Amino acid sequence: TGAQHGSDSPTTDLTRSAFLLAARGEPVPHTPIWFMRQAGRSLPEYRAIREGTTMLESCMRPDLVVEITLQPVRRYGVDAAIFFSDIVLPLKAVGVDLEIKPGVGPVVAQPVRSADDLDAIRPVTPADVSYVTESVQELVRQLGGTPLIGFAGAPFTVASYLVEGGPSKDHAKTKALMHGDPELWHALADRLADVAIAYLSVQVEAGASAIQLFDSWAGALSPRDYTEFVLPHSAKVFDALSTYGVPRVHFGVNTGELLPLMSAAGADVVGVDWRVPLDEAVRRITADGSAAKPVQGNLDPALLFAGEGPLVAEIERILAEGKAAPGHIFNLGHGVPPNADPDVLLKVVQTVHAKSAR
Ligand code: 1CP
């Protein structure tokens, strides 16, 4: 990947990217690190540039997308950038009536209740999101040797916003729909798989070097429900993306019981939150005889507020446990909290790099 973007300077060489090497289980110069939600409210430069522009408007402006995506790369020297967007952006782009409310999250005007409500949900075409193509191309140019991760929301997590109408703690309406009207559920999830495939394809074709499928809220489901109602749809997404050969990361919160299933859905790299140690995650993924695969994680974001001693001790423990996997990408167990201190995040990056240097 990357070669097609021209190599006027050696810094555009992605073949030595620690992130991409780790994602493929190959030897690395140091353990790569990036942070979920590394762009965003924890950065003063983000708050400044976002002033007066809504979240969704920002996602549609290449000048802002490029700048906001680069901000944490400049500040922290992380080993990957993540495209600045949101999991509901492709729905907005095809005309679903939704907004992202500050301090709340995505809010949907007309929650999905019947088959008629599915009409609005169709895959984006490159023409619907030309600003995404433009932003990714410019980012890949400016990022040089740092890979760009494209992302999409997984069918279950996006469906939850569409069915609940907004953020939810228990996902009760979504589960009720699954069990009460499985036909409608599968029709909705299948459409959302197609949305994710289309949105991820646009990003990869524009130059993204890896993709992450966020099934943030899948941990609300039992393994049985996950297997029946979610896995086939997420597997469809991973399968469709396999043609590109870019590493595919699969992440959710509170997914300790689901790790083998989320791995089996087709991930090349399994994201792990802080509840399950990485060596135990590897044991769970391989328990049925499946091959071990690279893992990503899993510092508890709360440790960012614990002080340097405990923080460094946790980083050392996670680096040691990560050795159980054929590749380890360091990350938080979930997103950067908005009140995190950027200097502490910088310290985490420097510590991970220094302690893992080969
Ligand atoms: O105005 C703002 O700053 C709004 C806050 C914000 C931001 C910065 C939202 C609203 N989305 C984003 C960007 C975003 N969203 C990124 C970008 C880049 C980065 O990581 O640096 C990404 C990857 C997402 C993906 C996303 N959106 C997820 C999956 C990741 C996760 O954190 O689990 C989810 C669940 C969403 C929905 C969403 N969008 C925004 C919020 C506050 C939420 C969560 C709402 C809830 O609690 O249900």
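An open sheet is built from seven strands in the order β1-β4-β5-β6-β7-β8-β9, with parallel pairing. Its edge strands, each pairing on one side only, are β1 (81-82) and β9 (328-332). The model is predicted, and local features need pLDDT of at least 70, side-chain atom pairs count only at pLDDT 80 or more, and totals for chains, interfaces and linings use all residues. Residues are numbered from 1 along each chain as its sequence is written.

**Sheet and helix**
- Helices (H or I, at least four residues) and strands (E, at least two) are DSSP runs numbered from the N terminus, and two strands pair if DSSP finds at least two bridges between them.
- Strand β4 (residues 148-153) pairs with β1 in the parallel sense over two bridges, and L148 in β4 is the bridge partner of A81.
- Helix α6 (residues 130-143) packs on the sheet and touches β1 and β4 (contact: C-beta atoms, placed from the backbone, within 7 Å).
- The direction of α6 makes about 150° with that of β4, where axes are lines fitted to C-alpha atoms, for helices over the stretch in contact, and angles run from 0 to 180 degrees between N-to-C directions.

**Ligand surroundings**
- Around the ligand there are 21 residues, of which A39, G40, G105, P167 and S216 come nearest; a residue is near if its C-beta atom, placed from the backbone, lies within 6 Å.

**Residue D170**
- D170 is found in the loop between α7 (155-164) and α8 (172-180).
- D170 lies 9.3 Å from W217, C-alpha to C-alpha, although the two are 47 residues apart in sequence.

Technical notes
Two residues are in contact if their C-beta atoms, placed from the backbone, lie within 7 Å.
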